[in-house]
Structures are given as C-alpha cells and as structure tokens.
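Hi,

Here is the structure I said I would pass on.

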Amino acid sequence: MDSEATPRRVIDSNTRHLHAVSPSPSTSPSPSPLRLWRPAAQRNMRNQWSKLLASKDSWFSAASGGRSHATSLVNAFLSQRFMLQRDLGVLKDMPAIRDKACQKLAYQQELSRSALLSSYKDMVLSVSQMVKASKSMRVFLKSSTGSPIVQFCDQPEVMNDYGDGGGVPVFSSFSISDFEELAQELVAVFVLELALKRLLVAEFTSMQSEKEIEENDTTRYVRELFEGELDELRLIGLLSGESYDMLPPHIKDLIGLSSQSLLLSHEVTESVLQVYLTSWLANVNLNSSRIDEVILVVEETMQLKL
C-alpha cells in the first residue's frame, strides 16, 4: 500500500456521505510498520468503540433508574408537604397519625434521595468512560531500543507520530480521525444531557419547604453531589478551566441557563416538579435516530475490508 497520507474524510452529521478534506499532518509509517500498525489500530478501535457503546448502555440504565428514584422522591415530598391539609377520614382521630406519617415520608425521601444520587453517580462515570474511550482511539509506534520486534502503545513515543497512521484508512475508507469525529459527536450530546440531568438532581435532592429556604441560603447547584464528582466533571469538560465554575446546562442548539439563575433558592411547586420529571424522561439533548445511525455506520464500516 502507498505510504503517503490519504485525504482525511469527514462524516456529515445528517448523512453518511464522506467529504474529502485536507490530509492529516502526521507522516505515514514506512510500509513494513504500517502493515503491522493497521491490525493493531483495528483491534484498538474495536475495543474503544466497544467500551464507548457499553458505557452508553450503562448511562441509559442509570438514567432510567434515576427517573424512578426521582419520582418516588417527589411523591414522598409532596405527600409530606400536604399532610396537614389532607383529609384522613376515619384515621384523623388516631393519636399523632400525621406526625408518624410525616416521619415515614421523610425516611422514604432519604432513601430515594440516596438512590437518586447513586444513579446520578453511575451516569457521571458512564460519560467519563465514554470521554476516555473517545480519546483513546489512536495507536502509536513504540520507540525501539534495537529490537527487531515492532510494538505499539497508547501514548506518543516517536517524533511526528500522531497515532493515526498518517491518515490512512483503518476500516474501509475510514481513518482514525473519521472514527474520532463520530465518537466525539456521540459524547458531546451525552455531556450536554448530563449537565441538564445534574441540574435536575440538584433540584430534586435539595427540595425544601419555604421555611427551610429562609433558614438555609444555599447555592446547591455548585456543591459536590458525591465525593470526587468535580474531578470527574472536569475530565468530562463540565467545569471551566481549573476553577470550580460549573458550565450552565442548556439544550442543544439553544441558549442555556444563566449562571445566576442556577443559584437562586426557591420553593418548587407540584407543577414545576412534574416538568422536571418530564424533562428527565425526554432526554432532550439525545437524538435517538442520529445515535442509532452513527452506531450503524461504525458497525458496518468495521465489518468491511480494505
């Protein structure tokens, strides 16, 4: 095979057509290492996409569990809030019946809150693994110390080696960069959705009565929701720079919430909580058709021979 770099191709976000663009800046390995590089690159590409798709499935599973826990939390919270106004019928004359009911509802809220945070943590870790997989698709030539055996690694050790084989195809006409672009497209929408889910989790787990809001002037959106969360969010890209400033959540292609609006403590109403639950279920940043299309393109391409 010619060792010169072939033109890199970009996959249109709405179609499967490839458009030729400028070549990769890296230099193609010499023919012998290239013949060995491609099988190594193919194995790594399959492994990384397998990890990415497994993490995607884990995210959906955690998101589904999270909505169930959020619903239980909201139901218990509203039941406790309106307990004093609720007609208990023949039970109203039982001693301390309302207090006992409120205690049980409060305990149910604690259980649901803990379970929701656990699901949210699983979602964060799933997106973190997706990010890592999307950034681990290159295979680099391992520096040789005189050994005749050609080896490869996941970190650059040789000058001008960008881990992409000089832009040559790995599967069919797809280069490393083509697969990376598809992976980054998938990861980007899950990062957006995670930011929105985090806002909802912060709201659900910080629901307070009007009296509690007056006593606790909290900025709940920016606090850490589980140990090590901020480190994971920085890796994902939801923290700006080296600071602990959270990037405001938004819906794809629309303007996001202002940072100030996230810091306002307020008493949530029943209708607002219903909107929160509906927003969680909708996965507004995830286009299922496009996600399925990207996965199909990748799977079909990996089955094709050069």
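Below is what I found, going from the whole chain down to single residues.

Before anything else, this is a predicted model, so local features need pLDDT of at least 70 and side-chain atom pairs count only at pLDDT 80 or more, while totals for chains, interfaces and linings use all residues. Residues are numbered from 1 along each chain as its sequence is written, and side-chain values use heavy atoms, with hydrogens and water left out.

The whole chain

The secondary structure comes to 7 helices and 4 strands; helices (H or I, at least four residues) and strands (E, at least two) are DSSP runs, numbered from the N terminus. Of the 306 residues, 41% are buried, where buried means under 20% relative accessible area, exposed over 50% and partly exposed in between (1.4 Å probe, protein chains only). The chain exposes about 16500 Å², and carbon and sulfur atoms supply 53% of that (Shrake-Rupley method, 1.4 Å probe; for residues, only the protein chains shown count as cover). Take the contacts between residues at least 6 apart in sequence: 76% of these join residues at least 24 apart, a contact being heavy atoms within 4.5 Å.

H3 and its surroundings

Helix H3 (residues 176-204) and helix H6 (residues 270-282) have axes that come within 10 Å and cross at roughly 145°. Those axes are lines fitted to C-alpha atoms, for helices over the stretch in contact, with angles from 0 to 180 degrees between N-to-C directions. Which residues meet there? On the H3 side they are Lys197, Leu200, Val201, Glu203 and Phe204, and on the H6 side Leu273, Tyr276, Leu277, Ser279 and Trp280. By type, the residues of this contact divide into 7 nonpolar, 1 polar and 2 charged (Ala, Val, Leu, Ile, Met, Phe, Trp, Tyr, Cys and Pro count as nonpolar, Asp, Glu, Lys and Arg as charged, and the others, Gly among them, as polar).

Leucine 196 is also found in H3, and it is buried at 14% relative accessible area. Leaving out residues up to four places away in sequence, leucine 196 touches Pro249, Val284 and Asn285. Proline 249 is 53 residues along the chain from leucine 196, yet their C-alpha atoms are separated by 5.1 Å.

Asparagine 44 in H1

Asparagine 44 lies in helix H1 (residues 31-81). Is it buried or exposed? Asparagine 44 is buried, with a relative accessible area of 16%. A polar atom of its side chain lies 3.0 Å from the backbone oxygen of serine 136. Beyond residues up to four places away, asparagine 44 touches Ser136, Met137, Arg138 and Val139.

Two loop residues to look at

Most residues other than glycine have a negative phi. Serine 172, in the loop between strand S4 (152-153) and H3, has a positive phi near 50° and is partly exposed at 23% relative accessibility. Asparagine 283 has a positive phi too, about 50°. Asparagine 283 sits in the loop between H6 and helix H7 (288-302) and is buried at 16%.

One last stop in H2

Alanine 115 lies in helix H2 (residues 97-134) and is partly exposed, at 21% relative accessible area. Its C-alpha is 9.5 Å from that of serine 68, 47 residues away in sequence.

Best wishes

Terms used. A polar contact is a pair of N or O atoms within 3.5 Å; within protein, one must be able to donate a hydrogen and the other to accept it, and residues adjacent in sequence count only if both atoms are side-chain atoms.
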